[in-house]
Amino acid sequence: MDIFFIIKDYAQTITAGGVIAALLISFFTIISQRRHNNYERLVEVFKMISDFEQREARKSVYTAFRIYMKRYYNDGLKIGGKTYFAENLPAYKGRVFLDVFRDPEVLNEMQLKENELQQDVEAVRATFDHIGALFATNTIPKKPLLKALWGTGRVSWICLAQNIFIERDKRETEFYMNNFQDFFDEIEKYRNSHKPKLPSVA
């Protein structure tokens, strides 16, 4: 066999091997970079949730909800409190929602103006809607996120669900804060499979 062809074949083999190796290196580099980016996003979410203003906003939301429920419910029976009658969205028409964060007695006990409490409400629901969007688009690791935030996310939705339904009716759109609601649904699945089962919250 001609030595020229041997060298040519050998060179082609080396070239092909080099291309394959380069592709493999590129592939693993991309995977590694993606994992790094996901980790960075996860850290950013944790920082956002742990931010002082966010923690204070959640505290206000939880406190207002607790006051409303304690003041206006007795053995599961509602005995008062500000409500909202839905009349815009067909899906909600005729339903009555708890207007927790505009209730005068709640505001009075918390010594807050309505717009002050609304700012906290908006901050919490917007944050969780953003987290829900990241979760839905797979731009953040799902399992670590659920493990870390299932409790906080669940309590926040329970407190804010009625408020979100009110805002949907006022804005005449069923899609307002959908990412937050979808995230809550995933939280419920996670909770039911990992924690002691409790009644689901509608």
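Start by selecting residues 178-194, which make up helix H6. At 1.5 Å a residue, its 17 residues should span 24 Å, and since the end C-alpha atoms sit 24 Å apart, the two values agree. (The expected span is 1.5 Å times one less than the number of residues; helices are DSSP runs of H or I with at least four residues, strands are runs of E with at least two, and both are numbered from the N terminus.)

A word on what you're looking at: this is a predicted model, in which local features need pLDDT of at least 70 and side-chain atom pairs count only at pLDDT 80 or more, while totals for chains, interfaces and linings use all residues. Residues are numbered from 1 along each chain as its sequence is written, and side-chain values use heavy atoms, with hydrogens and water left out.

**Stay on H6**

Show the side chains of Phe-180, Phe-183, Phe-184, Ile-187, Glu-188, Tyr-190 and Arg-191: these are buried. Buried here is under 20% relative accessible area, exposed is over 50%, and partly exposed is in between, with a 1.4 Å probe and protein chains only. What covers them? Helix H4 (114-136) and helix H5 (142-171) are included in the cover.

Select 114-136 for H4. Its 23 residues should span 33 Å at 1.5 Å a residue, and the end C-alpha atoms are 32 Å apart, which agrees.

Now look at how H4 meets H6: the axes come within 7 Å and cross at roughly 70°. That makes the two helices roughly perpendicular. Axes are lines fitted to C-alpha atoms, for helices over the stretch in contact, and angles run from 0 to 180 degrees between N-to-C directions. Angles of 65 to 115 degrees count as roughly perpendicular, under 35 as roughly parallel, over 145 as roughly antiparallel, and the rest as oblique.

For the contact itself (heavy atoms within 4.5 Å), pick Arg-125, Phe-128, Asp-129, Ile-131, Gly-132, Ala-133 and Phe-135 on H4, plus Asn-178, Asn-179, Phe-180, Phe-183 and Glu-186 on H6. By class, that's six nonpolar, three polar and three charged residues. Ala, Val, Leu, Ile, Met, Phe, Trp, Tyr, Cys and Pro count as nonpolar, Asp, Glu, Lys and Arg as charged, and the others, Gly among them, as polar.

**Bring in H2**

Next, select 52-72, helix H2. Which residues of H2 meet H4? Gln-54, Ala-57, Arg-58, Ser-60, Val-61 and Ala-64 do, against Leu-117, Asp-120, Val-121, Ala-123, Val-124, Thr-127 and Phe-128 of H4. This contact has eight nonpolar, three polar and two charged residues. The axes of H2 and H4 come within 8 Å and cross at roughly 110°, so H2 is roughly perpendicular to H4.

H2 also meets H5, with axes that come within 10 Å and cross at roughly 50°; this pair is therefore oblique. Select Arg-58, Val-61, Tyr-62 and Phe-65 in H2 with Thr-152, Val-155, Ser-156, Ile-158, Cys-159 and Leu-160 in H5. They divide into seven nonpolar, two polar and one charged.

**Last stop: a strand**

Jump to Phe-85 in strand S3 (residues 83-85). Neighbours within four places in sequence aside, Phe-85 is in contact with Gly-94, Arg-95 and Val-96. Then find Asp-169, 84 residues away in sequence but 9.3 Å from Phe-85, C-alpha to C-alpha.

Zoom out to finish: the chain has six helices and four strands, and 34% of its 202 residues count as buried.
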